[in-house]
Amino acid sequence: MKKNYKVIIIGAGPAGLAAARALKDAGVQDLLLIERESQAGGVPRHCQHPTFGLLTYFRPMKGNTWIKKILQPVKEIPLRTDTTVISIRPGGFVDISSDNGLETLQAKRVIIATGVRETPRHARLISGLRPQGVLTAGALQQFIYLRKLKPGNRSVIVGSELVSFSALWTLYRAGIKPVALVDEHPRPVAFRLSTLLAHLLRVPVHFNTRVSHICGSERVEGMDITDKHGKTLRLDCDSVIFTGKFVGEYTLILKSHLQHDKKTGRPLFDQHGCCSDRDFYAVGNMTHPADMGDQCYQEGLQVGKAVALALQEEQPTHTDNPVLPIEHQDIIRMSAPAVIRLGGEDKTATLNIRVSRPVSGEVVVRDGQRELYRRRHRCMPERRILLKNINITHLTSDSTLSISIE
């Protein structure tokens, strides 16, 4: 079996598929997609809500329909499913595990698009035993749409992100009674109008409330929720759906040679997706948990184009130029990209930031005392905040690039 490629793409979700399409359209051949699941497409392939396709095809469509459409342009590119990448190494080496055993592949460039996962119950430090009926929104959708099974009959949803209301719709369509929606925030993390769906379905919504205990030994029998005043309420349910609080799939990064954030594991990458090793690129929700599928697809197209350009030996590349780190206040959890690479032809850059708590104010980007960007934003945790068209033409290695909210 072939061992050497021009580009290996790890992850065949929206970002990985888009990168593959951009490379193919640029005339780059000898590509390989690697996917640990049995099918390509990532999370959207088992999503039945019509919130996909607006940026890609300018009309709404269900996740599985959208995935079928974006798979068409890359159907001729080799795809290895049920294959897990266990490590990446300098020189573009990729170690994989599959039914064929352990293998080592090599590519001139490697694009990492491993996506995200939801924070499960154990990471949220919720007391109780480990009964059946506790799952994430992703697992819920796989149960219902792929396996045609019901995980329960009376479910409580924990969280208020867009995926939480998607889970609410999934339960309703499957004939499962949504008992309540519970969230620790004072208002929905998603847009306020999203709560209309819960009201229309007559589902009680409890904000400023946390899950304090899950009851049951073999099977979920109920759960206790506690509000900000310390009052506890028992909810009768047989399943609990934890949604949102997405974290990037950083396992490969943490044990690799790539520079990364020590707290989170996010790789340090520039405005083109290039990591500390010029042979490796990062793209998609792994770099900024978690944007919508269409947004990741658009980003994948851009990174694919950047990799295609880097592969053109006759074209000058600036991937060895110095990078400038981006500093920010503690309230700002992260920015993507994490660094700006200097010396290229870029005149502007766009930063994608996340905050740790709700805040409204002017987001300011400075080079020392010089303002590069100022605009008022209403910032919510887990919500995409784009700082567009920041002028980077005068940045030097002596610059100090910072983001603050005033």
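**Stop 1: the core**

Select Val7, Ile9, Leu23, Ile111 and Val307: these have the most contacts inside the largest nonpolar core, which has 35 residues. A nonpolar core here is a set of buried Ala, Val, Leu, Ile, Met, Phe, Trp, Tyr and Cys residues joined through side-chain atoms within 4.5 Å. Buried means under 20% relative accessible area, exposed means over 50%, and partly exposed is in between (1.4 Å probe, protein chains only). Now colour the elements that give two or more residues to this core: strand 1 (4-10), helix 1 (14-25), strand 2 (31-34), helix 2 (63-71) and helix 7 (293-311). Helix 7 gives the most, with eight residues. Helices (H or I, at least four residues) and strands (E, at least two) are DSSP runs, numbered from the N terminus.

A word on what you have open: this is a predicted model, where local features need pLDDT of at least 70 and side-chain atom pairs count only at pLDDT 80 or more, while totals for chains, interfaces and linings use all residues. Residues are numbered from 1 along each chain as its sequence is written, and side-chain values use heavy atoms, with hydrogens and water left out.

Next, centre on Ile111. Leaving aside residues up to four places away in sequence, Ile111 touches Val7, Ile8, Ile9, Ile10, Ala19, Leu23, Tyr281, Val283 and Val307. Contact means heavy atoms within 4.5 Å.

**Stop 2: helix 1**

Show helix 1 with its side chains. Nine of its 12 residues are buried, so helix 1 is largely enclosed by the rest of the structure. The buried ones are Pro14, Ala15, Gly16, Leu17, Ala18, Ala19, Ala20, Ala22 and Leu23. Around them, look for strand 1, strand 2, helix 2, strand 6 (101-112) and helix 7, against which these buried residues pack.

How far apart are the end C-alpha atoms of helix 1? They are 16 Å apart, which agrees with the 16 Å that its 12 residues should span at 1.5 Å a residue. The expected span is 1.5 Å times one less than the number of residues.

Step just past the helix to Gly27, which takes a positive phi of about 90 degrees. Further along the loop between helix 1 and strand 2 you find Asp30. Its phi is near 65 degrees, a positive value in a residue other than glycine. Asp30 is partly exposed, with a relative accessible area of 33%.

**Stop 3: aromatic rings**

Select Phe52, Trp66 and Tyr297, which form one aromatic cluster. Rings of Phe, Tyr and Trp (its six-membered ring) pair if their centres lie within 6.5 Å; planes under 30 degrees apart count as stacked, over 60 as edge-to-face and the rest as tilted. A search of the whole structure finds three aromatic pairs. One of them, Phe52 with Trp66, is stacked, at 5.5 Å centre to centre and 25 degrees between the planes. Phe52 lies in the loop between strand 2 and helix 2 and Trp66 in helix 2, so this pair ties together parts that are 14 residues apart in sequence.

Trp66 also pairs with Tyr297, edge-to-face, at 6.0 Å centre to centre and 70 degrees between the planes. Here Trp66 is in helix 2 and Tyr297 in helix 7, so the pair ties together parts that are 231 residues apart in sequence.

Lys69 lies over the face of Tyr57, 4.8 Å from the ring centre, and the charged end of Arg383 sits over the ring of Phe191, 4.4 Å from its centre. The test asks for NZ of Lys or CZ of Arg within 6 Å of the ring centre and within 35 degrees of the ring normal.

**Stop 4: cysteines**

A search of the whole structure finds zero disulfides, a disulfide being a pair of cysteine sulfur atoms within 2.5 Å. For Cys296, the nearest cysteine sulfur, that of Cys47, is 12 Å away. Cys296 is buried, with a relative accessible area of 4%.

**Stop 5: cis peptide bonds**

Finish at two peptide bonds. Pro289 to Ala290 is cis, with omega near -10 degrees, and Ala290 is in the loop between strand 18 (280-282) and helix 7. Ala336 to Pro337 is also cis, with omega near 5 degrees; look for Pro337 in the loop between strand 20 (332-336) and strand 21 (339-341).
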